[in-house]
Amino acid sequence: MTYNEALNFITDKKSLGIKPGLTRIKALLCKLGDPQNCLKIIHIAGTNGKGTVAATVAEALTVSGFKTGLFTSPWVDDYREQLQIDGEYISESDFSQVINYIKEYESDCTEFELLTAAAYYYFALQQVDYAVIECGMGGTDDATNVEDKNLSVITSVSLDHTNYLGSTVEEIALAKSGILRKDCTCVLYNSELEYLFRDKCKKLTLCPVKSNLALVNLVLKELGVESVKRLKKLPARQEIIGEVMLDGGHNPSAARKLLPHLENEVAVIGMLADKDAETYLSIIAPKCNKIFATTIKSERALDASVIADIAEDYCDNVYIIEKPADAVKVNNLSLVCGSFYLIREVRKYLLGFGL
């Protein structure tokens, strides 16, 4: 199996959509020898910041001399960036070999389930000292939630994926708490939600301030690793390329964090249909002088016409741009936001690789 064949095999699984539940992934991992239970896992759930927290913890462990696996999603530059060891993407040959092996044991797994199994199998095969695992969505029914023990980390919790996780912050927090283990430690960002977590783990460490850096350093303290002074910079998180800011945040909480950086923007906005576009746009659109709504390449995409209709309530100059890649041609473009899927399509052009 070549790399492209392996990539096509796993991405073809998109057609199965999102299917919460652990039956399929557990059955597959059992056939693989339950590799997740051979690993020291730092399991990270949360609504916002979990990708940055995961990457920063993983980098700190690597700097401290530990061989460290990182499983994170979604990807921005390269599909393989979701599986890393010590900051290096899994090689094309290793990826193809792992997928070729795993496909013999699976039948009806989704793309994310198959990728999760690949991560656990690959990290165990490579005998990493630690595996930093980012939840895909929620916690209790997320495909990553299969190990016997872990160090649990819960980043900022707010409203997102409400059609799957619940309509209140408390309900969503309960879903995130599903990754906790009775005999293990949890490090929690939202101290006000302590009452939802305290009885589900052996030790609960609360973040004294609402800061991802403070959260990271509490995790590192639990691991006996030296603290860090800054968070790892990731693509599509308030990233600046030339004169354009790229931000893949897609929920109201992410919009509020982006807000202080905005003023009279010329923006291209694309979103998924299962996001709270009304609230997101009510925060972002008033800070835009001009908005180009677009439909991203995803079966879950929100049509550009819907985005435009909402944005028109907050911005006088709203247009539709058919192809996200054409965003780079917009005069005085200063902001691309609303979805990591949109950033994925546009970023390579802004960097000059897709021209």
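Predicted model: local features only at pLDDT ≥ 70, side-chain atom pairs only at ≥ 80, totals over all residues.
**Entry: strand β2**

I looked up strand β2, which spans residues 68-71. Is each face of this strand buried or exposed? Thr 68 and Leu 70 point to one side and are buried.

**Entry: neighbours of β2**

Next I checked which strands pair with β2. Strand β5, residues 130-134, runs parallel to β2 and is joined to it by four bridges. Within this pairing, Phe 71 stands opposite Ile 133 of β5. Strand β3, residues 83-85, runs antiparallel to β2, with three bridges between them. Here Leu 70 has Gln 84 as its bridge partner.

I followed the chain into the loop between β2 and β3, where Pro 74 lies. The peptide bond from Ser 73 to Pro 74 is cis, and its omega is near 0°. I wrote down the background: most peptide bonds are trans, and most residues other than glycine have a negative phi.

**Entry: positive phi**

Which residues other than glycine have a positive phi? I recorded Asp 86, with a phi of about 50°, and Asn 332, with a phi near 60°. Asp 86 sits in the loop between β3 and β4. Asn 332 sits in the loop between β13 and β14.

I then looked up their accessibility. Asp 86 counts as partly exposed because its relative accessibility is 32%, which falls between the cut-offs of 20% and 50%. Asn 332 has 66% relative accessibility, so it counts as exposed.

Key. Residues numbered from 1 in each chain as written. Heavy atoms only, no water. Buried < 20%, exposed > 50% of the residue type's maximum accessible area, 1.4 Å probe, protein only. Helix = DSSP H or I, 4+ residues; strand = E, 2+ residues; numbered from the N terminus. Pairing = 2+ DSSP bridges.
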